[in-house]
Amino acid sequence: MIKSPKLARIPHRNVLSIRSNRRWQSTSAEPPPAEGHLPSVATSSFLRTTPDSALRAPGLQWADDGLSGPPNIALAERETRKMNLYQAVRDAMSIALTKDDTAVVFGEDVAFGGVFRCTMGLAEEFGRERVFNTPLTEQGIAGFGIGLASMGHTAIAEIQFADYIYPAFDQLVNEAAKHRFRSGGQFGVGGLTIRCPTMSVGHGGLYHSQSPEGFFLGAAGLKLVIPRSPVQAKGLLLASIRDPNPVIFMEPKILYRSAVEQVPIGDFEIPLGKAETLVNGSDLTLLTWGTPVYHCETAIHMLRSPPESLAKHIPQSIRSAKVELIDLRTILPWDVETIAESVERTGRLVIVHEASRTGGVGSEIAAEIQKRCFLKLHAPVKRVTAWDANAIRKVLYT
Amino acid sequence: MLTPRLRYEQMLQLPVIDNLLYNVQRQGKISFYMTAHGEEATLIGSAAALADDDEILSQYREMAVLLWRGFGFDEIMAQCFGNHEDTCTKGKQMPIHFGSRAHHFHTISSTLATQIPQAAGVAFALTRDPLRRGKNCAAVYFGEGAASEGDFHAGMLLASTIPSPTLFIARNNGFAISTPASEQFHGDGIAARGPGYGVHTIRVDGNDVLAVYSAVKEARRLCLQEGRGVLVEAMTYRVGHHSTSDDSFAYRPRQEVEDRKRIDNPIARFRKFLDARGWWSDAEEDAYKDRVKKEIMKAFRRGETMQHHPVSEMFNDVYGGQEPWNIKEQREELKALLKKYGKDWEPWRNELKKFKGEGKELSE
């Protein structure tokens, strides 16, 4: 029965709809963000949430410092700001555009800020001649970028989703990768960087969740980089933009908002081709990149102290295993030295990646490591990956 | 009188060079070649209408444009032989894949039409350079077959929307290997597509060198004035085979080719123009062709005996900057193989002799 006098005055048919609206609106949940949300990331110990830890990120190379010798600016004088991953990406591009007059940013929908906000405000700040939309054509975006870079300019192209990079595959593999080699070193497209959001968000399905890095392994001449956090993204992106080779920079989209760190606001790079050991261990090497870094962190915790329901599956004897966790960061060329050195010590390697098993990056790493570390391996190299059935990008953790 | 003579000479030398290099392939001295018979007017007319420092991205049949810019016979031979003087590709590509930064001629790649959206990017770079904005365009050549590729569509879109001063030169020569134009498209050639992209377009008689010159000159002017793509479709006919790997009489009658050579010959048509003005003669024709033949033969003989680049060159320039471990290690692998088998295995021993240094920089 309607008790409220206000409601009593409303015609009966309208009351019903008001009542049902009120009930459905009572939970008032917001629609989930397009790029998804990974709550476990927020509490990750790998994120550098203090200025101090951010400034001391290993391998950080300040642009205003020499390669050796004492720092020009004391760390204490450097500033950081709280940024999520898309803000860090944006910050890197802003620095590139500021310092390099030839730099331009282009792709679908980048002018208004981009579908993941990575280019927010850049068109306003640097003008539409330097930050501009292209028509909907990945092969065109890649080709245009190659032409621009062949003239010595810095071309920062965006492919809206890694899932849509395939029309550009010919341009990237046949043209960009081979540009220097085939012209006897006369031409090259080092100034080309292609950015794309990658990996799963949960609701993305077949075509907003892919990890296509494996397809490019055979294209010598290209570099492939996948950051795990805002500090990493900014440093690796600046390094990629300035690397004298075409680089495909794949940003795990679920981390755009989920990963938040203090990020140095200055100009810094993190070197390409170098993996980073996140957790030191001696019993097993766990190698991964991108979003699974955080799943691996969770897995290590669960191994140490398994939840009640899983306890019976995890023998006491292995709960104290010291797992060495490595973030590969650059997928091509990949840091075989760091991985091999680790596996020589641990004797066990587990590779985790979101891309499906057959022909994935894991197969390349497994083959090379088993060759180098054969006599030291206690067990075959294991790959924990998405299954080959494409539909769902879900990775099981054991 | 000077300029038409120059253009005529540039056209006249092409079949002399083409005939030599085609036959040289037949004799097994070079692995591959593509002639441009019948398209001399399209190539020289357009080359002459461009500025020397306009950026050129070509498909594969545009050696004439490079020659127009002063590329030497020795360099042509070096690339075709892949000998150690080859600066275009350092012996890494098939014959006719020329490229020269100094001549603003971007290195040819076998993949068709990939150069089209790249040209839009090259042109955009020109607008971003205050010294070249409004002065230079990027001219991109392609055949009517390559224009079926998605990259053509992409290139036209980019040059018209970004926009960038890209001059699209379509050589409609009637064939894409064996596929006649009638099987390549149902519409009215390439020109009909231009207006669809909002691109100024002209169709020209590709066998009339003066018409091609005028059309490309005006197209270039418009291109630079508006900073936007302009399309020129030159209607011509591929008299020769697609390449040395092709026998076109398998798909077209000999008579058709002979008729074309007789009725619509770009060199003959221009010859008549010069004759009518008393600017050329039979004697000059013979003398000139003789001279070109001697020069090209000299370059051929010189290039024929040269060795290739050192074996180790095959691992260079995969990456710029620091060399990744996989390249380093694979070079070491070859080293080990050469050390082990290089002297004992005759086929390798003989092959190594063809390389400068005979592989010793690796095996010793």
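1. Strands and helices. Two strands are taken to pair if DSSP finds at least two bridges between them. Helices (H or I, at least four residues) and strands (E, at least two) are DSSP runs, numbered from the N terminus. The model is a predicted one, in which local features need pLDDT of at least 70 and side-chain atom pairs count only at pLDDT 80 or more, while totals for chains, interfaces and linings use all residues. Residues are numbered from 1 along each chain as its sequence is written, chains are lettered from A and ligands numbered from 1 in the order in which they are written, and side-chain values use heavy atoms, with hydrogens and water left out.

2. The five-stranded sheet of chain A. This open sheet has mixed pairing and the strand order S11-S13-S12-S15-S16. Strand S11 (276-279) and strand S16 (382-386) of chain A each have a single partner strand, so one side of each is left without a neighbour in the sheet. Neighbouring strands are turned by 25° against each other on average, direction ignored; the axes used here are lines fitted to C-alpha atoms, for helices over the stretch in contact, and angles run from 0 to 180 degrees between N-to-C directions. Within this sheet, strand S12 (residues 284-288) and strand S15 (residues 349-356) of chain A run parallel and are joined by three bridges. A:Leu287 has A:Ile351 as its bridge partner in S15(A).

3. The seven-stranded sheet of chain A. A further open sheet, also with mixed pairing, has the order S4-S3-S5-S6-S8-S7-S14 in chain A. Its edge strands are strand S4 (131-133) and S14 of chain A, each of which pairs on one side only. From one strand to the next the twist averages 20°. Strand S7 (residues 223-225) of chain A runs antiparallel to S14(A), and two bridges join them. The bridge partner of A:Leu224 in S14(A) is A:Leu332. Helix H10 (residues 230-242) of chain A lies across strand S5 (155-158), strand S6 (192-198), S7 and strand S8 (247-252) of chain A, at about 165° to S8(A). Contact here means heavy atoms within 4.5 Å.

4. Extent of the interface. In chain B, 44 residues are in contact with 47 residues of chain A. The two chains, B and A, bury about 3,700 Å² between them, and 59% of this lies on carbon and sulfur atoms. B:Arg128, B:Tyr319 and B:Trp325 supply 20% of the area that chain B buries against chain A, more than any other three residues. Buried area is the accessible area (1.4 Å probe) that two parts lose on being put together, summed over both.

5. Polar features and make-up of the interface. The rule finds 23 residue pairs in polar contact across the interface of chain B and chain A, both residues being at pLDDT 80 or more. A polar contact is a pair of N or O atoms within 3.5 Å; within protein, one must be able to donate a hydrogen and the other to accept it, and residues adjacent in sequence count only if both atoms are side-chain atoms. On the side of chain B that touches chain A, the elements giving two or more residues are strand S2 (105-106), helix H5 (115-127), helix H6 (150-161) and helix H12 (325-341) of chain B. H5(B) gives the most, with eight residues.

6. Salt bridges. A salt bridge is a side-chain nitrogen of Lys or Arg within 4 Å of a carboxyl oxygen of Asp or Glu. The structure holds 51 of them over all chains, and the rule finds two across the interface of chain B and chain A. B:Glu329 forms a salt bridge with A:Arg372, with the closest N and O atoms 2.6 Å apart. A:Arg372 also forms a salt bridge with A:Glu368, where the closest N and O atoms are 3.0 Å apart. A:Arg372 and A:Glu368 are separated by about one helical turn, because they are four residues apart in helix H15 (residues 361-373) of chain A.

7. Cis peptide bonds. The peptide bond from A:Leu332 to A:Pro333 is cis, with omega near -10°. A:Pro333 is placed in the loop between strand S14 (330-332) and helix H14 (336-346) of chain A. In chain B, a cis peptide bond joins B:Ile162 and B:Pro163, with omega about -10°.
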